[in-house]
Amino acid sequence: MIWSKNETLSREELEKIQFERLIDTVNTVYEKVPYYRDKMIEAGIKPSDIKSLKDLQKLPFTTKQDMRDTYPFGLFAVDKDELVRIHASSGTTGKPTVVGYTKRDLDTWTECVSRIACMGGAEKSDVSQICFGYGMFTGALGLHYGLENIGSAIVPSSTGNSEKQIMYMKDFETTLLVATPSYALRLAEVASSMGVDIKKELKVKKAVLGSELMTDAMREEIHKVWGDDVLVTSNYGMSELMGPGVSGECEYLDGMHINEDFFIPEIIDPKTGEVLPIGEKGELVITCIFKEALPLIRYRTKDITRLFYEKCKCGRTFCRMENLSGRSDDMLKIRGVNVFPSQIEEVILGVSELGPHYEIVVTREGYTDKLEIRVELKEMTDEYKELERISKKVNSRLKTVLGLDAKISLVSPNTLQRFEGKAKRVKDLRGDK
Amino acid sequence: MLSKQISVFIENREGRLGEVLSVLRENGVNILSLSLADTSDYGLLRIIVDKPEEGSKALKEKGFSAKVSDVLIVEINHEVGALSHLMEKLAKAGVNIEYMYGLSLHGETASVIIKTKDYQKVQEIMKK
Ligand SMILES: [Zn+2]
């Protein structure tokens, strides 16, 4: 089911809406946000210079650093008493980034998430269990309101206490699971250790996964444990932009449809800032064109993807972004080679003797970077040469993909850390980076 | 005599062997023989126990990688040259031994545990 008529607008109709909303947004930030006005003056741009959608390129970028510099409310375009909600992202370094919502913003958010949930198969009859941490993080409440809006029954089980999660899932007959891909795998492990037969005793048929990127290999792994008949979709968003609801996969699983009537996407070269031609891979930049409290202009997401505008079989006309290849933040530079953890994950998940959990450790000895991959042994053998064969297989596949030699450390099952929120699988122990 | 052996994967981490042993103890599984060789990163613990299936199940439940496989227990005389004599016989018959370790002494005889794919050959040789 397609939730909103807007999702099938013709490009012409859509661009008309986008342009009107963009003009409104640019006027608003110029008037109400001194930080933006100063930046625009510095760049020699007035709102009246924006005469077409293409002129968006003239506007300066916004970065996470801008949000930190104006902490907490410096980029807000409304008075504080217009706010009805405040969220913050957990900044691991420095100040968190704060986001605010007016009443209309919450409605917009709910609308966006309802659309994405529909793409993931959500229906009124679903029992949706939300295994995202509730609190300052936008993920849980975003999905919560979006799914409730569809009429689905919400089980706000949050994260933690995985055994109880499985009990709810069984007793409430949960049909739709919201989690990170790695927590979906963790829950399956817990269910098995409790003796629960997932495919027979649980009724989960839809997995709406987000908050970390999901490689194809990860999706396959999820199918293996949850069942081939489960619709596993990923969706994308970030708290700065609104939370979840920026884009999501439809049942054809070929890229995530961006809610283009609310967000204008661009792809830039992360080094030069130049807008790249359609279809090229680069950093995703998003302009929020229908937000009141925090209308970000050309926000640099640091996520690497590409956009495509071909019509989708589902009937939606919104463009799609490819499943993320990684974040420019997550990219490791090892011995001069750019490495995305997702590339390593693809290799590990392709080796049947290994489990899906892994850890990437980067150290430096003298002037040389060392890459170590710790991974759990799933299929036991009683021969050393077999263990060596497995290590060598991983090593040579990594070499093909990355061009790097890695030390493969096999460890026992269930010994690597499990994650309920975003998985943190990289340990970069080099002093400088 | 064909017997069951449990192999357990142990990464080189302090206390890991102790954890395996205590799982077996808690489940009343008695160890008859043990062999542990290791590389710099991990080791394979091979044990002959009185209740291999129970032992393996208990270990797996505790999150260890464990596997039950077939090995041969061959009894030889407890005297100089007995093992060497056995090896010569097996080599002559073209038996390929993957690994072996000792079991125990019972007065006049001793036993060795042999892992090979040529079980039948060995058993035939021993009957002679
Ligand atoms: Zn579609």
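How many bridges pair strand E12 of chain A with E15(A), and in which sense, parallel or antiparallel? The views below start there, and they all show a predicted model.

View 1. Strand E12, residues 299-305 of chain A, pairs with E15(A) over 2 bridges in the antiparallel sense. One residue pair to look for here is A:Asp303 and its bridge partner in E15(A), A:Arg327.

**View 2. Strand E18 of chain A and its two partners.** Strand E18 covers residues 354-365 of chain A and is mostly covered itself, with 9 of its 12 residues buried. Towards strand E19 (residues 368-377) of chain A, E18(A) runs antiparallel, and 9 bridges join the two. With strand E21 (residues 426-428) of chain A, E18(A) pairs in the parallel sense over 3 bridges.

**View 3. The hairpin of E18(A) and E19(A).** Here the focus is on the turn, where 2 residues lie between the strands. Look for A:Gly366 in this hairpin, which takes a positive phi near 65°.

**View 4. A cis peptide bond in chain A.** The bond to find joins A:Tyr71 and A:Pro72; this peptide is cis, with omega about -5°. To get your bearings, look in the loop between helix H3 (64-69) and strand E1 (83-89) of chain A, where A:Pro72 has its place.

**View 5. Two serines of chain A with positive phi.** A:Ser158 is a residue other than glycine, yet its phi is positive, near 60°. You will find A:Ser158 in the loop between strand E4 (153-155) and helix H6 (162-171) of chain A. A:Ser211 is not a glycine either, and has a positive phi of about 75°. Its loop lies between strand E6 (206-210) and helix H9 (216-226) of chain A. Is each serine buried or partly exposed? A:Ser158 counts as buried because its relative accessibility is 18%, under the 20% cut-off. A:Ser211 has a relative accessible area of 25% and is therefore partly exposed.

**View 6. Where chain B meets chain A.** In this view, 25 residues of chain B are in contact with 17 residues of chain A. The area buried between the chains is about 1,600 Å², and carbon and sulfur atoms give 54% of that area. Between chain B and chain A there are 0 salt bridges, while 4 residue pairs are in polar contact. On the side of chain B that touches chain A, at least two residues each come from strands E1 (2-11), E2 (31-38), E3 (42-49), E4 (66-77) and E5 (97-106) of chain B. The largest share, 5 residues, comes from E1(B). By type, the residues on this side of chain B divide into 8 nonpolar, 7 polar and 10 charged.

**View 7. Chain B on its own.** Chain B has 4 helices and 6 strands, which follow one another from the N terminus as β-α-β-β-α-β-α-β-β-α. Of the 128 residues in chain B, 43% are buried.

Technical notes
Residues numbered from 1 in each chain as written. Chains lettered and ligands numbered in written order. Predicted model: local features only at pLDDT ≥ 70, side-chain atom pairs only at ≥ 80, totals over all residues. Heavy atoms only, no water. Pairing = 2+ DSSP bridges. Buried < 20%, exposed > 50% of the residue type's maximum accessible area, 1.4 Å probe, protein only. Contact = heavy atoms within 4.5 Å. Buried area = accessible area lost by both parts, 1.4 Å probe. Salt bridge = Lys/Arg side-chain N within 4 Å of Asp/Glu carboxyl O. Polar contact = N/O pair within 3.5 Å; in protein donor to acceptor, adjacent residues only side chain to side chain. Nonpolar A, V, L, I, M, F, W, Y, C, P; charged D, E, K, R; others polar.
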